[in-house]
Amino acid sequence: MRIFSGIQPTGEIHIGNYIGAIKQWIKLQNENECIYCIVDLHAITSDYSPEELKESIINTAIVYLAAGIDPERASVFVQSEVKEHTELCWYLNTVTSIGELERMTQYKEKSKAKKKRANAGLLNYPILQAADILLYDTELVPVGEDQKQHIELSRDIAKKFNKHFGKTFKIPKAKLPEKGARIMSLKNPKNKMSKSGKKGNAISLFDDPKTIEEKIKSAVTDTDNKICYDPKNKPAISNLLVIYSEFKNQTVKESEKELEGVSYKIFKEKLTEVLVESLAPFRKKRKELEKRREVYVEEILSRGAKRANALASSKIVEVRRKMGLIN
Ligand code: AMP
Ligand code: TRP
C-alpha cells in the first residue's frame, strides 16, 4: 500500500507526535511504500522566523531518522522541494467550498487564538494537505486524532474532483492508533499535548532523564489512588496509563493488571523509568546524526525529493489533462 504522512517543522516533537504518528510510520514502513514529508509550506501559515525554519527542517529530518524511520525503506523529503504540491493545491482550491474550510476545528482554534485576523493560508491549509495526500495516490494516512477531520476533507475533495473530471484520485483513509490517538497535556488532561502548549505539558523525544523525571513528577493526577483506564472519570491517570502502555509495548489491560495496587507515586517512578529507557536510544542516534547532518541527512532528503518528484510530476500531468489545461 502507498502511505503518506507529514509533520510540520515547528517546535519540538513530543511523545504525542510519536505515539499518534511516528510509531505507526515505523511499523508501516516494513510492508508498504511509505512517503514521509516535512511539511514546511504548512509551517509558514503560522508566525515563524525564516532563519529558524531552515534549521527546523533539518532537525525534523533528524527526528524522523533518530526515531526509527529507515531511509532505505521510506522516502523522506521536504514538501517545498516538490513544486507539484503547491500546483495541485491551487487546482483543488477550485473544487473546495469556503464553508467546508471554515468548519475545520484546527482553523477555528488557530484563527481564534490570533490577535489579528487569520491569513488565507491558514484557511486553505487543509487543501494543501489534501494535495500532499492525493498527489501520491495515497491509500493510508497514519496520523493522530486531531488530523482526522482534515483527512475526511481530503476524501471529500478527491470524490468531488473525480465526479467532476473523471476518476483521477484514490480515496485515502486515515489510520489512527487504537489507543494514543490523542495524548493529553501532562498539565491539564482536558487539553491535547502540543508543541505550543504550556511549559511541561509535553515530553520531547529528546528530553534528558532529569527533565523527564521533573515533568512526570509535576504531571497532574486524579483523586483516589487507583490506577485504571477510565478517561471520563480519571482523565489524567488514563492518559499516563496509555503513555506507559505505548512505551512498554503492551495493552492498557496488561498495564492495569501489572499496576494493580500500586500507588500513584510508584507508578510515576515506573513511568519515568520506562520513558528514560525508551527515549535514550533516540537521543544517542540524534547525536550521531547531528555530526552527519550536512552530508548524510541532506543526501537522504535529496534522494527522497527525487523519488517524490518522479511520482508527483506524472500525476500532475494527469490532473492537468483531466482539467483541460493540456491536451
Ligand atoms: P503536528 O505537531 O501538528 O505537526 O502533528 C504531527 C502529527 O502528530 C499529526 O499526525 C498529529 O495528529 C499527531 N499529533 C499531534 N499531537 C498529538 C497528540 N497530542 N496525540 C496524538 N497525536 C498527536
Ligand atoms: N496538518 C498536519 C499536522 O498538523 C501535517 C500534514 C500536512 C499532514 N500534510 C499532511 C499529515 C499530509 C498527513 C498527511 O499534523
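Is Phe77 buried or exposed? I looked this up in a predicted model. Phe77 has 0% relative accessibility, so I log this residue as buried. I placed Phe77 in strand β3, which covers residues 74-78.

I then listed what Phe77 touches, leaving out residues up to four places away in sequence. The contacts are Phe4, Ile35, Tyr36, Cys37, Ile38, Val82, His85, Tyr136, Leu301, Gly304, Ala305 and Ala308. I also checked Phe77 against Leu240, 163 residues apart along the chain; their C-alpha atoms are separated by 33 Å.

Next entry: Glu84. I found Glu84 in helix α4, residues 84-93. Glu84 is buried but has no salt bridge. The nearest side chain of opposite charge is that of Arg320, 7.7 Å away; a salt bridge needs the charged atoms within 4 Å. Beyond residues up to four places away in sequence, Glu84 touches Leu135, Asn309, Ala312, Ser313 and Ile316.

Last entry: helix α12, residues 264-291. I compared its span with expectation: at 1.5 Å a residue, its 28 residues should span 40 Å, and the end C-alpha atoms are 40 Å apart, so the two agree. I did note a kink of about 30 degrees at Leu279, shortly before Pro281.

Which residues of α12 are buried? I listed Tyr264, Phe267, Lys268, Leu271, Thr272, Val274, Leu275, Ser278, Leu279, Phe282 and Leu289. An α-helix has 3.6 residues a turn, so residues three or four places apart point the same way. The cover over the buried residues of α12 includes α1 (15-28), α3 (50-67), α9 (209-217), α10 (235-248) and α13 (293-322).

Technical notes: Residues are numbered from 1 along each chain as its sequence is written. Chains are lettered from A and ligands numbered from 1 in the order in which they are written. This is a predicted model: local features need pLDDT of at least 70, side-chain atom pairs count only at pLDDT 80 or more; totals for chains, interfaces and linings use all residues. Side-chain values use heavy atoms; hydrogens and water are left out. Helices (H or I, at least four residues) and strands (E, at least two) are DSSP runs, numbered from the N terminus. The expected span of a helix is 1.5 Å times one less than its number of residues. The bend at a residue is the angle between axes fitted to the seven residues ending there and the seven starting there. Buried means under 20% relative accessible area, exposed over 50%, partly exposed in between (1.4 Å probe, protein chains only). Contact means heavy atoms within 4.5 Å. Lys and Arg count as positive and Asp and Glu as negative; His and the chain ends are not counted.
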